[in-house]
Amino acid sequence: MTVVVIGGGVVGMTTAYELATRGVDVVVCEQRSLGSGSTERAAGGIRAQFSTPVNVELSLESMRVWDTFDERFGIDIDYRQIGYLFLARSEAAATRFEEAVAMQNDRGVPSELLEPDAIQDHCPGVDHEQFVAATYSPTDGVADPHLALQGYAQAAADEGVDVRTQTPVVDVLRTDAGRVTGVETPDGRLKAEFVVNAAGPWAGEVAAMADCELPITPKRRQIAVVEPGQPVPETDPLTIDLESGTYFRPDRDGDALVGGHVGDADPACDPDGYDRSMAFPWAVEALETVADWTTYFGPESAIKRGWAGLYAVTPDETAIVEETVPGFVTAAGFSGHGFQHAPATGTLVAELVTDGELSLVDPTALSSDRFETSLARGERNVV
């Protein structure tokens, strides 16, 4: 069996690796260089504190890999379990946090609901009096997406995966009956029993080549590297004020990464033509917002640099992993969670291709059919 994977980011390469370990012949088509889409611009967060069961389950399955990545792949990905701290400003948000923690705990996540006075036990720089509750899990953390991609790429190559960079897919081939049979590239046709759409922000365009319509929208997100007035300890968690839409986490030498979506405008972006540099007005607004609820980022803080990348967003902020039409498997729309959920996704796609069904999670939660009826509860823990 031959499978063509479209996309050489971390989701595409985990998928290629998992397929190859099951004896599948795999060709990866990447239009640029490996990781040149969203992977190279990811913040590297890894967490199980989600509000929907399917995302928690994807996290737990993936964390089994992240926890042992060095032993499995021989590469240290700088995985640091510094924790995630989510902050709630309203009683309604606190109630949602309580429900989410109960669901997470039922699945083995060691998260806990905190009273405001306990917030500073985990992050002394937060002005805890602004918040009514928080959640924290010590097993959440951060890792280096570039190193993780290198590990998967090398492992895939060792398994015989044919990785073709600078090879865009210009069409998806189908029979008259509608089954996908391969792809067209500038170098010619590649025949395959399955084609996997792991194209991230380009996933909607790739789906259109297969005469599919998927609700995956590229949305621009930004990150600033900040030298704060008060150094951020490396032991601080990645800390998120969901209601302002901003977060920070420690970086190197006391610096911090500051990110999140501020403002009401959130247009779709052209993944081939968006501005990949950080917008300074956004950085100022994001920094001022974070400064309002922390003590680290006073007026003497300096914005050093930054970048922009793309989320591939679905209406409920949850991925699509399915066989969308016969022979065409979608693994996209992670809404900012693609890096951390990549190991589980590779296993899911391998199950679809080799077994014809998913066993790790409820397949209906990841099916695009869910958008044809009333939306299930969307993922709330998103910035």
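1. Basis. The model is predicted, so local features need pLDDT of at least 70 and side-chain atom pairs count only at pLDDT 80 or more, whereas totals for chains, interfaces and linings use all residues. Residues are numbered from 1 along each chain as its sequence is written, and side-chain values use heavy atoms, with hydrogens and water left out.

2. Cysteines. The structure has 0 disulfides, a disulfide being a pair of cysteine sulfur atoms within 2.5 Å. Cys-29 is buried at 2% relative accessible area, and Cys-212 is buried at 12%. Here buried means under 20% relative accessible area, exposed over 50% and partly exposed in between, with a 1.4 Å probe and protein chains only.

3. Helix 1 against helix 9, geometry. Helices (H or I, at least four residues) and strands (E, at least two) are DSSP runs, numbered from the N terminus. The axes of helix 1 (residues 10-21) and helix 9 (residues 338-355) come within 8 Å and cross at roughly 40 degrees. Axes are lines fitted to C-alpha atoms, for helices over the stretch in contact, and angles run from 0 to 180 degrees between N-to-C directions. Helix 1 and helix 9 are therefore oblique to each other. The cut-offs are under 35 degrees for roughly parallel, over 145 for roughly antiparallel, 65 to 115 for roughly perpendicular, and oblique for the rest. The crossing of helix 1 and helix 9 is right-handed; a crossing is right-handed if the near helix is turned clockwise from the far one by less than a right angle, and left-handed if anticlockwise.

4. Helix 1 against helix 9, residues. Contact means heavy atoms within 4.5 Å. On the helix 1 side, the residues are Val-10, Val-11, Thr-14, Thr-15, Glu-18 and Leu-19; on the helix 9 side, they include Phe-339, Ala-342, Pro-343 and Val-353. The contact of helix 1 with helix 9 divides into 9 nonpolar, 6 polar and 1 charged residues. In this division Ala, Val, Leu, Ile, Met, Phe, Trp, Tyr, Cys and Pro count as nonpolar, Asp, Glu, Lys and Arg as charged, and the others, Gly among them, as polar.

5. Helix 1 against helix 6. The axes of helix 1 and helix 6 (residues 145-158) come within 9 Å and cross at roughly 30 degrees. The two helices are therefore roughly parallel to each other, and their crossing is left-handed. Val-10, Met-13, Thr-14 and Tyr-17 of helix 1 make the contact with Leu-149, Tyr-152, Ala-153, Ala-155 and Ala-156 of helix 6. By class, the contact of helix 1 with helix 6 has 8 nonpolar, 1 polar and no charged residues.

6. Helix 2 against helix 9. The axes of helix 2 (residues 53-66) and helix 9 come within 7 Å and cross at roughly 90 degrees, which makes helix 2 roughly perpendicular to helix 9. Contributors from helix 2 include Leu-58, Glu-61 and Trp-66, and those from helix 9 include Phe-339, His-341 and Leu-348. The contact of helix 2 with helix 9 has 8 nonpolar, 5 polar and 1 charged residues.

7. Pro-145. This residue lies in helix 6 and is buried, with a relative accessible area of 5%. Leaving aside neighbours within four places in sequence, Pro-145 is in contact with Thr-39, Ala-42, Gly-44 and Phe-339.

8. Val-163. Val-163 is in strand 8 (residues 162-164) and is partly exposed at 30% relative accessibility. Not counting residues up to four places away in sequence, Val-163 touches Met-13, Val-28 and Leu-34. Met-13 also takes part in the contact of helix 1 with helix 6.

9. Backbone points to check. Most residues other than glycine have a negative phi. Asp-78 has a positive phi of about 55 degrees; Asp-78 sits in the loop between helix 3 (69-73) and strand 4 (84-88) and is partly exposed at 36% relative accessibility. Phi of Asp-211 is also positive, near 60 degrees. Asp-211 is in the loop between helix 7 (203-209) and strand 13 (217-227) and counts as exposed at 63% relative accessibility.
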